[in-house]
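Open the structure in a viewer and keep the sequence beside it. The stops below say what to select next and what is there.

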Amino acid sequence: MKRRMLAIAADGALILYFVFALFPIAWMIILSLKPANELFSTYFSFTPTFDSYRTVLGAGNDEGVPFLRFFVNSLVVSLGAVALSLAIGLPAAYAAARWRFRGSENLMFTLLSFRFAPELTVIIPLFVLYQKLGLFDTYVGMIWVLQLVTLPLIVWIMRSYFSDLSPELEQAALLDGYTRKQAFFKVALPLVKPGIAAVSLLAFIFAWNNFVFPLILTSSEAQTVTVGALSFLGGDRPKYNLTAAAALVSVIPPLLLALTIQRYLVRGLSFGAVKS
Amino acid sequence: MYTSLKETDHGAASHEGGGPPARAVPRWRRSLRPYLLIVPALLLTGGILYPFGLGLFYTFFDFAASKPQPDMVGLENYRRIFTETSFWNSAWVTVLYAVGAAAVETVLGVGVALLLHRSTLVGRVLEKILILPLMIAPVIAAIMWKLMLQPSVGVINYLLKPFGLGGVQWTDTPAGALLSSIAVDVWVYTPFVAILALAGLRSLPVSPFEAAAVDGAGWWFTFRRLTLPMLWPYVLVAVIFRFMDSLKVFDIIYALTEGGPGDSTVVLQIRAYLEAIRFQRYSFGISYMIVLWAVVYLVTMVLVRYLGKIQNRAAEVPK
C-alpha cells in the first residue's frame with residue numbers, strides 16, 4: 001500500500017515537471033491562434049484564427065518584417081555551416097582518432113575550447129574585420145562564423161565514432177590492395193554513417209539556434225529567425241500573437257530534427273564525454 | 001583509444017593478402033598524412049584565432065567610435081575595469097546567475113532522471129518529449145517567457161490570481177528579473193542534465209544494487225551510498241557544461257530583461273555588448289570579454305581536472 005502511494009507520488013512529481021516543461025509551448029500555440037482583438041481580454045475562450053501565421057509568413061505583411069526571408073536565411077546559413085564543417089571536420093576527426101601525432105591533443109583541446117569561449121570575445125573584432133572585408137550581413141560571413149559552433153561538435157563526436165571503429169577493418173581493406181584514401185571513403189566512412197547523420201542534425205540545430213552571431217554580424221540581408229523573432233516585440237504596442245507565431249515557426253525545424261535523432265542525442269550534447 | 005596503422009602501410013603486408021601490391025608510399029609522406037588531413041581544420045581554427053588575437057591586441061588601445069585614431073594605452077583598459085564598480089556588479093550578478101542556474105538544474109535534472117529511471121508507463125511516454133525545451137533556441141524561450149511573465153496581461157499572473165498573487169512585477173524588480181532569467185535557464189537546460197544523468201543511471205552496474213536490496217537497504221541509504229557516488233562523474237559532466245555556459249549567458253538575458261531594471265541583470269557578456277556595440281567603446285568592451293574568457297578558461301581547467309580525478313576513481317571500482 002505504501003509502495004503504491006509512493007509510486008503514484010513519483011508519477012505525480014514527474015507529471016508536474018512536464019507541465020512546467022510543456023506549458024510555455026502550449027501557451028504559445030494558444031497565443032498564436034488568438035485573434036488580435038482578444039489578446040488582452042479573455043484567456044481560454046476564443047475563436048482560433050490563423051491570421052497571426054498569415055501575417056508573420058506573408059511576404060508583404062503590414063509589420064514590414066520579412067520573416068519568411070529570415071527563415072530561408074536560417075536554412076541557408078545552417079546548412080552551409082554544417083556542410084563546410086563536415087568537409088573539414090571528418091578528415092580531422094579521422095586523423096585524430098587514428099594517429100597520435102605531435103600536438104594532436106592540444107589541437108583537439110583548442111577546438112573544444114571554442115565551445116567554452118564567450119562568443120563576444122571574437123565577435124567584436126570580427127565585426128570590425130567583416131566591415132572591412134565586406135562580409136558583414138552576408139551568407140559567407142555567417143557560415144564562416146557558425147563554424148565556431150558546428151566544427152568542434154562534429155570533430156569531437158566523429159572522433160569518438162571513428163575510435164569505436166576497429167582499425168582492423170581498414171587494415172583488411174589495405175591488405176586487399178585498397179589505398180589509404182579508398183579505405184577511408186569505402187570502409188570507414190560508410191560504417192560511421194549513422195554517426196554522421198546524427199551529428200549533422202545536431203550541428204544544424206545548434207547553428208539554427210544561435211543568436212549572438214546573427215545579432216551582431218547581420219542587419220537585414222542575412223538575418224536569421226532567432227533575431228527576426230524579436231522584431232515583433234518592438235513598437236509601441238507589442239504584438240503578442242505575432243511574436244508567439246514567429247517563435248513557434250522558428251522552433252519547428254529544430255524540434256522535428258530532435259525527435260528524429262533522439263537516440264543519438266546524449267553523445268552529441270556532451271561532446272562524447274558520456275558514451276551511451 | 002589510439003591505434004597506429006603504420007605497420008599496415010607497408011606494401012609487404014599486402015602481398016601476403018594475395019591482392020595486388022599497394023603502391024609504396026614514401027615514409028615522409030606517411031608521417032605527414034595526419035597533418036594534411038587536419039590542415040583544413042587548422043586553417044579554419046586560424047580564421048577564428050586571428051580575430052581573437054586581433055581583439056586581444058585592441059585591448060591595449062583606446063579604440064572607440066569617438067576615437068577612431070587609437071593611442072596605445074597599455075593595461076589602462078584592464079585597470080579601469082577592475083576599478084569600476086559596474087564591473088564588480090556584473091561579476092557578482094554573473095556568479096549569482098551561474099551558480100543559481102547550475103544548482104537548480106542539477107537538483108531538478110537528477111530528480112527527473114531518477115523518476116524517469118523507474119520506467120513506468122508514464123515515464124516512458126514523457127521521456128520521449130524530455131528534450132523539447134532543450135531544442136528551442138534560448139532566445140526564443142526567453143521571448144516565450146517574456147510574454148507569459150507580463151505583469152498585467154501575462155498568463156502566469158492570471159494563474160496566480162486565485163492565490164492572491166495577481167500583480168507580481170516579474171521582470172520589473174531587480175530580484176524578480178534575476179529570478180525570472182534563472183527560471184528561463186532552468187526551463188531550457190534542466191533536460192540537458194536529466195538526459196546525461198539518465199544515460200549515467202542506465203550504465204551503472206546492477207550487482208551493487210541487488211546486493212543492497214538483499215541486505216534490506218532502504219531507498220535513502222541506497223541513493224546516498226550507491227546511486228549518488230556512482231552517478232556523480234556523469235552528473236559532473238553536465239554540471240561543468242552548465243556552469244561554463246551560464247557564466248557566459250547572453251541570449252536569455254538580452255531577450256528577457258536587456259540587463260535591467262537598472263543594472264540588476266547586467267551579466268558580463270551583456271556589459272561587454274553594451275560597452276562595445278551600443279556605446280561603441282570597442283577596446284573597453286573587448287577587455288571585458290577577455291577577462292570573462294580568462295575566468296571561464298581557468299574554471300574549466302580546474303573543473304576538468306577534478307572531473308578526470310573523479311572518473312579515474314570511478315574506473316578503479318570493478319564493475
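Start in chain A by selecting Thr224(A) and Thr226(A): their side chains make a polar contact at 3.3 Å. Keep in mind throughout that this is a predicted model.

**Stop 1: around Thr224(A)**

Thr224(A) sits in the loop that runs between α10 (212-217) and α11 (225-228) of chain A. Is Thr224(A) buried or exposed? With a relative accessibility of 4%, Thr224(A) counts as buried, because the cut-off for buried is under 20%. Now show what surrounds this residue. Apart from neighbours within four places in sequence, Thr224(A) is in contact with Phe70(A), Ser74(A), Val77(A) and Pro214(A).

**Stop 2: where chain A meets chain B**

Colour the two chains separately and select the residues that touch across the boundary. On the chain A side there are 96 residues, in contact with 100 residues of chain B. The size of an interface is often given as the accessible area lost when the parts come together. Here chain A and chain B bury about 9,200 Å² between them, and 80% of that area is on carbon and sulfur atoms.

Turn next to the polar side of this boundary. Eight residue pairs are in polar contact between chain A and chain B, counting pairs with both residues at pLDDT 80 or more. Select helix α1 (residues 2-33) of chain A: with 17 residues, this helix gives the largest share of the side of chain A that touches chain B. By residue type, that side of chain A divides into 71 nonpolar, 14 polar and eleven charged residues.

How many salt bridges are counted between chain A and chain B? The count is one. To find the pair, select Asp11(A) and Arg118(B), whose closest N and O atoms are 3.5 Å apart. Asp11(A) is buried, at a relative accessible area of 17%, whereas Arg118(B) is partly exposed, at 34%.

Over all chains, the salt bridges come to 15. The Asp11(A) and Arg118(B) pair crosses between chains, from helix α1 of chain A to the loop between α4 (85-117) and α5 (121-127) of chain B.

**Stop 3: chain B as a whole**

Hide chain A and look at chain B as a cartoon. Its secondary structure comes to 14 helices and zero strands. Of the 319 residues of chain B, 50% count as buried. Taking contacts in chain B between residues at least 6 apart in sequence, 67% join residues at least 24 apart.

**Stop 4: helix α3 of chain B**

Select residues 76-83 of chain B, which form helix α3. Which residues of this helix are buried? They are Asn77(B), Tyr78(B) and Ile81(B). Look down the axis of α3(B): the buried residues fall within an arc of 95°, so they line one face of the helix.

**Stop 5: salt bridges within chain B**

Select Arg242(B) and Glu105(B), whose side chains meet in a salt bridge at 3.1 Å, N to O. Arg242(B) belongs to helix α11 of chain B and Glu105(B) to helix α4 of chain B, so the pair ties together parts that are 137 residues apart in sequence. Arg242(B) is buried, at a relative accessible area of 3%, and Glu105(B) counts as buried at 0% relative accessibility.

Then move to Glu258(B) and Arg278(B), another salt bridge, with closest N and O atoms 3.2 Å apart. This pair links distant parts of the chain, 20 residues apart: Glu258(B) is in the loop between α12 (251-256) and α13 (268-278) of chain B, and Arg278(B) is in helix α13 of chain B. Glu258(B) is partly exposed, with a relative accessible area of 43%. Arg278(B) is also partly exposed, with a relative accessible area of 42%.

**Stop 6: Asp215(B)**

Finish at Asp215(B), in the loop between α10 (207-214) and α11 (219-247) of chain B. Asp215(B) has a relative accessible area of 65% and is exposed, because exposed means over 50%. Last, draw a distance from the C-alpha atom of Asp215(B) to that of Val184(B): the two residues are 31 apart along the chain, and these atoms are separated by 43 Å.

How values were computed. Residues numbered from 1 in each chain as written. Chains lettered and ligands numbered in written order. Predicted model: local features only at pLDDT ≥ 70, side-chain atom pairs only at ≥ 80, totals over all residues. Heavy atoms only, no water. Helix = DSSP H or I, 4+ residues; strand = E, 2+ residues; numbered from the N terminus. Buried < 20%, exposed > 50% of the residue type's maximum accessible area, 1.4 Å probe, protein only. Contact = heavy atoms within 4.5 Å. Buried area = accessible area lost by both parts, 1.4 Å probe. Salt bridge = Lys/Arg side-chain N within 4 Å of Asp/Glu carboxyl O. Polar contact = N/O pair within 3.5 Å; in protein donor to acceptor, adjacent residues only side chain to side chain. Nonpolar A, V, L, I, M, F, W, Y, C, P; charged D, E, K, R; others polar. Arc of directions from axis to C-beta.
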